[in-house]
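Okay, thanks everyone, I'll keep this short. Have a look at the structure on the screen, and then I'll walk you through how its parts meet.

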Amino acid sequence: MKALVFDVDGTLAETETVHLAAFNAAFAAAGLPWTWSEQAYARLLTTTGGKERIARYLREAGDDPERHPVAALHADKTARYAAMIADEAALRPGVAALIAEARSHGLRLAVATTTTPDNVEALVQATMGVPAGALFEVIAAGDMVAAKKPAPDVYRLALERLGLAAEDCLAFEDSRNGLLAAKAAGLRTVVVPSRFTAGEDFAGADLVLPSLAGWSLEVAPA
Ligand code: XBP
Ligand code: MG
């Protein structure tokens, strides 16, 4: 194994309640009467990508996403998320220790996420106190790929930028969409279900753990 490839939201940290607050704050700031409950958000989360999620919500409400400035709303939401996550972020158990263990073994580190590069930067700064680029050699994120998870594109981009084959890498994910993306790209995948994904179907995962607490690369899937 030569590299670990981490999903971000739900895997590095339980970020989705902060994303939800940022979406609702952006809608309110735009004077829109849209408020997502946690229950509604849990359902909408099966659509990856904030812009895609807003569009799905509108279509399900019988509205036309083309009638609304979805990209501008999402940009405002992203700015709000970055401000909020600074105060509320904490890595999930075992993540910092695994990253330290990987670095001590000379493993390379990458990110493959649906969220934006700005959000990755905000989360890593808030939880690790360093720029994301100081920790992750490759950050494949958001709109860098046309097709978001469960499509394999973002993992394929990470592999391409690492210059590694899928079999040399181990992926860490929290959702079924992320598992499908990583497996379609050929990576062995460890799933650590998160608050909003706990009930999903993780068939095909190489390992499913409640968290990374106490887990070591010594017992990683061969
Ligand atoms: C989870 C997602 C993202 C976040 C919101 O990403 O699907 O859309 O919910 O972030 P990950 P954006 O692949 O890290 O689990 O609004 O920036 O999309
Ligand atoms: Mg995730």
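Predicted model: local features only at pLDDT ≥ 70, side-chain atom pairs only at ≥ 80, totals over all residues.

Residues are numbered from 1 along each chain as its sequence is written, chains are lettered from A and ligands numbered from 1 in the order in which they are written, and side-chain values use heavy atoms, with hydrogens and water left out.

Okay, the interface. 17 residues of domain 1 are in contact with 20 residues of domain 2, contact being heavy atoms within 4.5 Å. Between them the two domains bury about 1500 Å², and carbon and sulfur atoms give 55% of that. Buried area here is the accessible area (1.4 Å probe) that two parts lose on being put together, summed over both. And who supplies it on the domain 1 side? Asp 9, Asn 119 and Phe 196 give 36% of what domain 1 buries against domain 2, more than any other three residues.

Now the polar side of things. Across this interface the rule finds three salt bridges, meaning a side-chain nitrogen of Lys or Arg within 4 Å of a carboxyl oxygen of Asp or Glu. There are also six residue pairs in polar contact across it, both residues at pLDDT 80 or more. A polar contact is a pair of N or O atoms within 3.5 Å; within protein, one must be able to donate a hydrogen and the other to accept it, and residues adjacent in sequence count only if both atoms are side-chain atoms.

The structure as a whole holds 14 salt bridges. Take Glu 38 and Arg 195: their closest N and O atoms are 2.6 Å apart.

Last, ligand 1. It's surrounded by 21 residues, and the closest are Asp 7, Glu 16, Gly 50, His 74 and Thr 113; the cut-off is a heavy atom within 4 Å. The side chain of Glu 16 has an N or O atom 2.7 Å from a ligand 1 oxygen.
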